[in-house]
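Biologist: I have a structure open and would like to walk through it. Can you take my questions as they come?

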Amino acid sequence: MVHMRVAVYPGSFDPPTLGHLDIIERGERLFDRLIVGIGVNSNKRMFLEYEERKRALEACLEGRPKVEVQIFQGLLVDFCRENGANAIIRGLRAISDFDYEFQISTANRKLAPEIETVMFMTKWDYSFISSSVVREVARLGGEYQQFVPGKVSEIIEAKLRS
């Protein structure tokens, strides 16, 4: 019996950036199935609604049968187990990301030792891009389009007009 390598790439993706897509593309090469999990976080102030983020990601990932997008609530490790995932993918931009990700991955390992966390170092071109930077630049009328895929830019433009 062949064991599928399934990974979850969790995040808020509010909005999805070129850095997120880079991690997705790289993860897709290593795993048989990749689930992009949009985590519901009631503590964060939203820019895009969850369904808008899902629609944006699905538009960017069209034609990639190994990748799917889901919205989830609760513990990440429970979501991984429900989907048969044996790995969690995370992206690292800076040392500050490492500190946070180290804490989270250690907690996840205690909760679910059978699920590995795989860290991808960001490409230099995307090392400064974050969803919060994109949101701020967009809200202030700056040229955020260079940081996001075109399909995401369309959704952001619609949101800013509403």
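Biologist: Where does Pro15 lie?
Modeller: Pro15 lies in the loop between β1 and α1. Bear in mind that this is a predicted model.

Biologist: What kind of peptide bond joins Asp14 and Pro15?
Modeller: A cis peptide bond, with omega at about 5 degrees.

Biologist: And Phe13, where does that one lie?
Modeller: Phe13 also lies in the loop between β1 and α1. Its phi is near 50 degrees, which is a positive value in a residue other than glycine.

Biologist: Does Phe13 count as buried or exposed?
Modeller: Phe13 counts as buried, because its relative accessibility is 1% and the cut-off for buried is under 20%.

Biologist: Let's go to the sheet. In what order do the strands come?
Modeller: The order is β3-β2-β1-β4-β5, five strands in an open sheet with parallel pairing.

Biologist: Which strands stand at the edges?
Modeller: β3 (67–72) and β5 (116–121). Each has a single partner strand, so one side of each is left without a neighbour in the sheet.

Biologist: By how many degrees are neighbouring strands turned against each other?
Modeller: By 30 degrees on average, direction ignored.

Biologist: What about β1, how many bridges join it to β2?
Modeller: Six bridges join β1 to β2, which covers residues 33–39, and the two run parallel. One of the bridge partners is Gly37 in β2, which pairs with Pro10.

Biologist: And how many join β1 to β4?
Modeller: Two bridges, and those strands run parallel as well. On that side, Val8 stands opposite Ile88 in β4.

Biologist: How many residues of β1 are buried?
Modeller: Five of its six residues are buried, so β1 is mostly covered.

Biologist: Which way do side chains point in a strand?
Modeller: In a regular strand they alternate between the two faces of the sheet.

Biologist: New topic. How much space lies in the largest pocket?
Modeller: About 1200 Å³. The lining has 43 residues, and the closest to the centre of the pocket are Pro10, Gly11, Ser12, Arg90 and Tyr100.

Biologist: Which elements give two or more residues to that lining?
Modeller: They are β1 (6–11), α1 (18–30), α2 (50–60), α3 (76–82), β4 (87–92), α4 (95–111) and α5 (131–139). α4 gives the most, with eight residues.

Biologist: How does the lining split by class?
Modeller: It has 18 nonpolar, 16 polar and nine charged residues.

Biologist: Back to α4 for a moment. Is Glu101 in that helix buried or exposed?
Modeller: Glu101 is in helix α4, and it is buried, with a relative accessible area of 5%.

Biologist: How far apart are Glu101 and Thr117?
Modeller: They are 16 residues apart in sequence and 9.5 Å apart in space, C-alpha to C-alpha.

Biologist: Last topic, cysteines. How many disulfides are there?
Modeller: The count comes to zero disulfides. A disulfide is a covalent bond between the sulfur atoms of two cysteines.

Biologist: Are Cys60 and Cys80 buried or exposed?
Modeller: Cys60 is buried, with a relative accessible area of 16%. Cys80 is buried too, and its relative accessible area is 0%.

Conventions. Residues numbered from 1 in each chain as written. Predicted model: local features only at pLDDT ≥ 70, side-chain atom pairs only at ≥ 80, totals over all residues. Heavy atoms only, no water. 1 Å grid on protein atoms, 1.4 Å probe; cavity = no way out; pocket = protein on both sides within 12 Å on 5 of 7 lines; lining within 4 Å. Points joined across faces, edges and corners; volume = space filled by probe spheres on them. Helix = DSSP H or I, 4+ residues; strand = E, 2+ residues; numbered from the N terminus. Nonpolar A, V, L, I, M, F, W, Y, C, P; charged D, E, K, R; others polar. Disulfide = S-S within 2.5 Å. Buried < 20%, exposed > 50% of the residue type's maximum accessible area, 1.4 Å probe, protein only. Pairing = 2+ DSSP bridges. Axes fitted to C-alpha atoms, helices over the stretch in contact; angles between N-to-C directions.
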